[in-house]
Structure formats: C-alpha cells, structure tokens
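This briefing turns to the annotated site, the charged pairs and the confidence of a predicted model. Please read the points below alongside the coordinates.

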Amino acid sequence: MKIKQSTHIVLLILLGTFLRQYSFGQERYILFFQDKYPIESYSTEELLSPKALERRETQNIPLDEKDLPIKTTYLNNLNNKGIPIILTSKWLNAVVVDLDTEVLNSLQQESFIREILPLHSKTVPEYVNTSSTALVAQPTSPANESFYGASFTQNDMIGIPQMHQEGYTGKGICIAVFDNGFLRLDESSYFEHLNIQGTYDIAEKEADVFDDGSHGLQVLSIIGAYKENDYIGGAYNADYYLFRTEVDAYESRMEELHWLKAAELSDSLGVDIINSSLEYFDFDDQRANYSADDLTGKTAWISFAANVASSKGILVVNSAGNQGSSSWQEITFPGEANLAFTVASVNRLGERAFSSSKGFYRDGNLKPDIAAMGEGTAVITANNSVGSNRGTSFSAPLITALAAGVWEKYPELTNLELMDLLRQSSSQYSSADTLLGYGIPSYLRITDIINAVDTPFSLDQLAPYPNPTDGQIKIRTEQYIGETIKIFYYTLEGTYIGQEERKITHTTETFNITPYTSNKTFLIRIMVKKDSRYFRIITN
C-alpha cells in the first residue's frame with residue numbers, strides 16, 4: 001500500500017479548522033455569510049486541482065459561486081472576536097461555531113452574517129450571491145471462479161469478472177470512501193497494492209484513519225481489496241481518498257457536516273466517485289430527528305451536499321439504508337437525495353433483503369435507483385481475514401466498483417449518463433419499483449447497450465438539441481409517435497422546479513424552456529414509456 005503523503009498536508013490546509021467539545025453554556029450554530037468575492041478574482045488553478053478541472057471540462061460543467069472560498073475578511077472577523085471556527089463550508093458559504101447567548105445576540109447584528117441557524121435546524125438556506133506510483137495488480141485468470149475466492153458470487157451477479165477479463169479494473173478512476181474509519185488497513189495483506197492518494201479524519205483533524213472503526217475497511221474491501229484465489233475487489237486498480245466522517249460514539253447532525261466537508265474536498269481534489277455507506281435519520285439530540293415529511297431531497301444538510309457533489313460531475317453512490325423492517329421503513333439521508341445514486345440490497349439469489357429500506361417516486365425520481373448483493377456479502381475484516389456482513393452498506397460498494405470499471409472503459413460519459421446507463425442495464429428496467437428500483441445492473445448488458453447506439457451514450461434519440469440553447473430545445477421522437485413524453489425540470493443541484501407532458505405527434509418535438517432559463521445551467525429528465533434520460537442544459 002502506498003499513501004501519497006503530500007495530500008495529508010493539502011487536506012490539513014483545506015480543512016483549516018478543528019472539532020472541539022461544547023463549552024458550558026454554549027450551543028452549536030451554523031453562520032451563513034452574505035457574499036463572496038467575484039469569481040473573476042480567482043484563477044481556476046486557485047480553486048480546483050487539475051484533475052477536478054479536467055472532470056468539469058469533460059462534462060461541460062462551469063465553475064460557479066460554490067467553488068469560491070469563504071471571504072478571509074469574514075473568517076478573520078470571527079477570529080478577532082475570539083470565536084473558534086469548528087468547520088467551514090464553501091458550498092454553504094458558512095461556518096460551524098459554538099456560541100453562548102450573549103455572543104449569539106451580538107453576531108445577529110453583524111451585517112456580514114446573513115443567517116444563523118442552530119445545528120439541529122432542518123433548513124438549508126438558498127445560496128446567494130503530483131503523481132504517485134503504486135503496485136498495479138494484474139489478474140492471471142479473471143474468468144476463473146477460484147480466482148475470486150469468497151468474493152465471486154457478489155461480483156459475478158453484476159458481471160465484474162467479465163469486466164476484469166476485458167481489462168477494466170478502475171485504473172485512472174479516483175474514488176473517495178466516506179465512513180467510520182478503516183481499522184488496521186495499513187497492516188492488511190489485502191490492501192498492499194492499493195494506491196491511496198490521501199487520508200483524512202475530519203472529526204479529529206488528523207490524517208490517521210486506521211485507528212477507528214472497521215466498517216469502512218469492510219466497505220472498501222468490496223471495491224479495492226486484492227488477493228488472488230482468496231478475495232478480489234471490483235476496482236482494485238483505482239486511486240483512493242479515505243475520509244472518516246462518521247463517529248461511532250455519537251449520532252449528531254455534525255456528522256452530516258463532516259460528510260459535506262469531505263464532499264467539498266473530494267470535488268477540489270478531482271474525485272470521480274464518492275462511496276458513502278452511511279445513513280442518518282435520528283440523533284442523540286431528538287430536536288434534530290427527521291420525519292418522513294423531510295424526505296424532500298433538499299431538507300437535510302447531507303442531502304444538499306450529495307446533490308451539490310453530483311452537480312459538480314461526481315457520481316455519488318449511497319446505500320439506501322437498512323430500515324425496511326423498522327418503524328421508519330423508508331430510504332434514509334442522503335440516499336433520498338434526488339441526485340444520489342441509491343443502492344438497495346438483495347441476497348445471493350437476487351431477492352430483496354427484508355431490511356433494505358423502501359423507496360418512493362418523487363418529482364420524476366424513483367428511489368432506490370438499483371440494487372446489488374448486500375446479504376452475506378464477503379468482506380475483509382480488521383483481523384486480516386475474510387468474513388461476511390449484511391446491509392445496503394455492502395451493496396453500494398459493489399455498484400461503485402462496477403461504475404469505476406465502466407467509466408474507465410467509457411471516459412466520455414458524464415456522471416448523469418453513467419447513472420442512466422447503469423439503470424438501463426438493470427434487471428427490471430421495464431418494470432421498476434420502489435423496492436429495488438430498476439433492479440440489478442449487468443456489465444454485459446451495459447456493453448450491449450453501448451454497442452447498440454451511437455457513441456457517446458448521450459447521443460441517443462432523446463438527447464435535446466441545441467445545447468447550449470437560447471430557450472428552445474428539440475427532441476427526436478420518431479420511434480415514439482403516439483406515446484406520452486414527460487419532461488421534469490430541476491436546478492443543477494436536483495431541486496424540482498417544474499414539469500410538462502404531451503402526446504407525441506411529430507418526429508421531432510419542440511419545447512419552450514424559457515421559464516427555466518433564469519438558471520444558467522439546469523437539469524431535465526425526459527421520460528417516454530420505459531425510457532428515461534437525464535441531461536444538463538446550458539443556456540446562452
């Protein structure tokens with residue numbers, strides 16, 4: 001295992017703050033600032049890493065205000081007042097602080113502060129104005145079941161052995177794993193090959209993530225472990241950033257902000273895929289508990305973060321949650337976010353696991369998205385041995401691994417196109433439901449789909465044009481005459497803003513989208529019969 005030490009320093013600088021215990025008489029708050037310096041004040045190289053800029057350029061995603069840092073004058077103002085900053089967020093243009101009543105009252109009079117909310121608040125205010133070489137594992141006989149050892153069944157269910165046989169193992173794809181720690185990973189023989197670009201414990205402000213929980217180790221093993229004839233992860237040649245965002249000792253909204261901070265750093269570092277096998281809905285502070293009414297896709301801090309990360313071109317893979325047989329039952333946060341790619345759980349026979357959280361259809365979005373094996377899933381334990389575990393925590397990383405190999409093969413895909421492709425390859429694409437979504441994906445079906453249409457994948461018959469547009473789009477619909485077409489409109493970060501539908505009577509249908517062009521870039525989802533596609537629309 002090789003860890004790129006320089007990244008530890010970069011992450012320390014980027015985080016720049018530390019977590020401390022509450023002081024007596026204080027409560028934790030989020031302070032939102034009024035504005036930022038103009039984007040013209042910065043060069044692109046000051047804002048994002050070369051790999052992050054490359055991802056944005058490939059997917060035609062422009063820089064925006066959320067990419068800009070918080071004004072240093074605002075941070076200095078707080079420091080001069082003797083207020084320690086616990087965590088900063090450029091996406092929220094906010095900081096987390098502990099305040100007593102007197103200081104809170106004084107800050108509420110400051111003109112540079114837009115809003116102050118307690119940590120347990122359920123409101124997300126609208127925003128206003130190097131290289132490293134690692135040992136590369138090379139399988140000798142990837143089609144052989146014995147080569148995969150205990151991991152064969154879970155990998156074979158989604159076609160990963162065939163993906164490996166074609167030579168796609170995640171090489172060149174950067175994956176960030178958010179979890180509770182990666183206990184003794186640095187001592188494990190299953191990860192000696194792993195190319196770790198950086199590690200960070202956001203809760204403790206340190207680089208060491210190998211001395212905390214083991215859940216993250218097990219999750220990571222499904223993606224990245226490698227020992228021939230014993231255990232093979234699906235994307236063992238990918239590059240990795242490991243973040244500890246979850247703290248086992250407590251359940252707090254603060255963990256949502258840890259997740260948000262890790263997502264911001266992942267974006268800046270050029271991460272392609274986030275794997276998050278985490279779920280939240282109830283907390284030690286019951287004032288912060290969510291209810292089913294909060295499943296809006298935009299209420300929770302962590303769902304906001306997942307949507308923004310996706311809007312930056314990152315594929316956000318998240319577990320659906322394990323509440324299917326509990327009183328909550330439904331998908332949890334951030335799996336409920338519109339732009340999260342949410343994964344349910346099945347057993348080795350492909351049958352839904354009873355604990356897998358139930359989904360819903362909302363604003364043109366079906367949750368969960370897809371499913372993979374999360375019952376009796378083989379994992380690597382902190383004892384450097386093969387074990388097994390259950391839950392959507394262990395189905396999500398299988399999808400992360402599959403996505404990494406597919407993206408390696410088809411690097412021209414955007415994250416939205418990759419999600420559509422995975423859905424379309426799934427076992428119940430024509431009869432999707434709220435238990436398994438579109439079903440279990442297949443690498444072989446993905447290659448069949450790609451080979452059946454023009455490349456790149458986005459150039460299919462539902463692709464809107466022109467794009468960029470001045471306020472009108474056209475969609476080729478010759479194969480759908482007589483069917484109903486539905487278009488759902490969202491902000492770039494997945495918030496629903498409208499929809500329309502009509503019966504198709506022409507080979508090309510024209511739509512006036514000027515009501516939505518106040519958003520320079522936004523999303524649309526086009527649905528006809530079983531066919532469904534997401535697209536980013538750019539306005540001139």
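The "active site" annotation in the unreviewed UniProt entry covers Asp179, His215 and Ser393. These residues span 215 positions in sequence, yet no two of their C-alpha atoms are more than 9.9 Å apart, so they gather at one spot. The model is predicted, and its protein chain averages a pLDDT of 90.

**Annotated site**

- Asp179 belongs to strand S6, which comprises residues 174-179, and with a relative accessibility of 1% Asp179 counts as buried.
- His215 lies in helix H9, which comprises residues 215-224, and at 23% relative accessibility His215 counts as partly exposed.
- The side chains of Asp179 and His215 are joined by a polar contact of 2.7 Å.
- Beyond four places in sequence, the residues in contact with Asp179 include His215, Gly216, Phe243, Arg244 and Ser277.
- With residues up to four places away in sequence left out, His215 touches Asp179, Asn180, Gly181, Ser277, Ser393 and Phe394, so that two of the annotated residues, Asp179 and Ser393, are among its contacts.

**Salt bridges**

- Side chains of opposite charge can pair when their charged atoms come close, and a search of the whole structure finds 24 salt bridges.
- Arg244, one of the residues in contact with Asp179, meets Asp212 in a salt bridge at 3.6 Å, N to O; this pair links distant parts of the chain, with Arg244 in strand S10 (residues 239-244) and Asp212 in the loop between strand S7 (195-201) and H9, 32 residues apart.
- Within that pair, Arg244 is buried at a relative accessible area of 6%, whereas Asp212 is partly exposed at 25%.
- Asp267 forms a salt bridge with Arg56, their closest N and O atoms being 2.8 Å apart, and Asp267 is buried at 0% relative accessible area, as is Arg56 at 3%.
- Asp267 and Arg56 also take part in a network of salt bridges that links them with Arg55, Asp64, Asp67 and Lys312.
- Asp420 and Arg423 meet in a salt bridge of 2.9 Å, N to O, and because they are three residues apart in helix H13 (residues 415-424), they are separated by about one helical turn.

**Confidence**

- A pLDDT of at least 70 is reached by 90% of the residues.
- Over residues 5-10 the pLDDT stays under 50, and the model has nine contacts beyond four places in sequence for them.
- Residues 129-142 likewise stay under 50, with 36 such contacts in the model.
- Where pLDDT is low, the predicted coordinates should not be read in detail.

Terms used: Residues are numbered from 1 along each chain as its sequence is written. This is a predicted model: local features need pLDDT of at least 70, side-chain atom pairs count only at pLDDT 80 or more; totals for chains, interfaces and linings use all residues. Side-chain values use heavy atoms; hydrogens and water are left out. UniProt positions are given in the numbering used here, feature names are shortened, and annotations may be inferred rather than shown by experiment. Helices (H or I, at least four residues) and strands (E, at least two) are DSSP runs, numbered from the N terminus. Buried means under 20% relative accessible area, exposed over 50%, partly exposed in between (1.4 Å probe, protein chains only). Contact means heavy atoms within 4.5 Å. A polar contact is a pair of N or O atoms within 3.5 Å; within protein, one must be able to donate a hydrogen and the other to accept it, and residues adjacent in sequence count only if both atoms are side-chain atoms. pLDDT is the predictor's confidence in each residue, from 0 to 100. A salt bridge is a side-chain nitrogen of Lys or Arg within 4 Å of a carboxyl oxygen of Asp or Glu.
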